[in-house]
Amino acid sequence: MNVPSHVTQLLKALRAAGFTACPVGGCVRDSLLGRRPSDWDLCTDARPQQVKACLSPRWRTVDTGIAHGTVTVLTRGGPVEVTTFRVETGYSDHRRPDGVRFVADLKEDLARRDFTVNAMALDEEGIVDPFGGRADLEAKVIRCVGEPAARFEEDALRILRALRFAACLDFAIEPATLAAARAAAPTLSRVSAERVFTELDKLLLGRGAGRVLAECGDILTRVIPAVGPCLGFNLHSPRHDRDLWGHIARAVSVAPARREVRWALLLHDLAKPECFVLDAKGFGHAPGHAARGAALAREVLTELKAPGRLVRAVEPLVRWHDTPMPQDVAGARRWLGRWGWPMLRDMAAVKRADLQAHASTPVIRRRMEETARFERLAAQAQRRGDCVRLNQLALKGSDLMDAGVCGPGPRLGRLLSAALEEVIEGRVNNDRADLLAWAGAQKR
């Protein structure tokens, strides 16, 4: 296992002082999977004050969680958390231990961890794996350490962590672990909105996100209640070959792993049950679901304490996901001017994934072709640098006033907007002389 030098130096310092010290948890898991760990955590039998004494003054330490045995060491390679071997007692709030007790045995420390794939360490002789984490990595399984019900009773957040790891690693959740997660799902009400958002955010970007959503909608409804009515909801449409939640999960699974796109697809149809009607022929429709869905998306993300920039990005993606996209150059330019290329790229991705999650009917195939055409036209306009906004127009208000075409006032703004429209439509070149000539020919 390739342990970076800044971590190796800490291990050597602790071991030279007579202590046991090991990389533990996610860094071991990711290394065994052939991934580069994003961070390295160490565990040791040294008490926090001993860790600080051993590593100072060469390294600066911060008491980030010293009551629970954790000291953060600031190294040139980045911060490294060093935690004393411990066992935990009492979880009255289903989230944090009421107390911890420091121990000298590494295996006791590993026994308190959530899943077998996270309960491995690397000592001087090799991998320490008392709970079969390595075998579960090979089998691509998320399994609790020990009794699943006890693990989830201790910390309700582990329910969402199980789903997140299953999605990000594209693993299955072991049946007993999944059953226990379902049984403990009501305790998710004890978890803060910020923690829920963080787990869902990571889950949605995972390779197995769609599969996990499809399998675990009943758990997710505990943190996003609007999911509940979508489970098993029959859309009564030949364009749909799945129930509503199955459609949403499929759309997420085929979408590019971009945060705004996948959040939009998770939320895009949650308003359909409340907007749903059957026509005289028994076909289902959900008039107004996109507008209602945009408002609902804002409500859900706000309740989850999501970053404002994500809320602002997702709301229009949901609002416009069902709107036909322009099929002409001028229309693509107008949308480009209104939204900008990054948003249009995401709009096309949302539309495409939504359509891919439908049954393959002639109407759906035609809409796929229209989406591709719109994206192509918009991308070409972006690459050419077409004029799509007033600040790109070669004509300025001062030009019109200097030429005596128009004085200051409302007409000046209207004339500039009309000039931009002429350029967008391709009737006038975005050239100062051409635009002045056009403006001079307009009725005063």
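In which sense do β2 and strand β5 pair, parallel or antiparallel, and over how many bridges? Bearing in mind that this is a predicted model, the pairing of β2 with β5, residues 78-84, is parallel and extends over four bridges. On the other hand, β2, which covers residues 41-44, runs antiparallel to strand β1, residues 21-23, and three bridges join these two.

The largest nonpolar core has 109 residues, and within it Trp 263 and Leu 270 touch the most other members. Helix α7, residues 157-169, gives the most to this core, namely nine residues. There is also a second, separate core of 19 residues, which includes Ala 330, Leu 412, Leu 415 and Ile 424. Going back to Trp 263, its contacts beyond four places away in sequence include Phe 197, Leu 200, Asp 201 and Leu 204, as well as Leu 301, Leu 304, Leu 310 and Val 314.

Finally, the helix pair. The axes of α7 and helix α9, residues 193-204, come within 8 Å and cross at roughly 15 degrees; since angles under 35 degrees count as roughly parallel, α7 and α9 are therefore roughly parallel to each other. The crossing of α7 past α9 is left-handed, and the residues making the contact include Leu 160, Arg 164 and Cys 168 of α7, together with Val 196, Glu 199 and Leu 203 of α9.

Methods:
Residues numbered from 1 in each chain as written. Predicted model: local features only at pLDDT ≥ 70, side-chain atom pairs only at ≥ 80, totals over all residues. Heavy atoms only, no water. Pairing = 2+ DSSP bridges. Core = buried A, V, L, I, M, F, W, Y, C linked by side-chain atoms within 4.5 Å. Buried < 20%, exposed > 50% of the residue type's maximum accessible area, 1.4 Å probe, protein only. Contact = heavy atoms within 4.5 Å. Axes fitted to C-alpha atoms, helices over the stretch in contact; angles between N-to-C directions. Parallel < 35°, antiparallel > 145°, perpendicular 65-115°, else oblique. Left-handed = near helix turned anticlockwise from the far one by under 90°.
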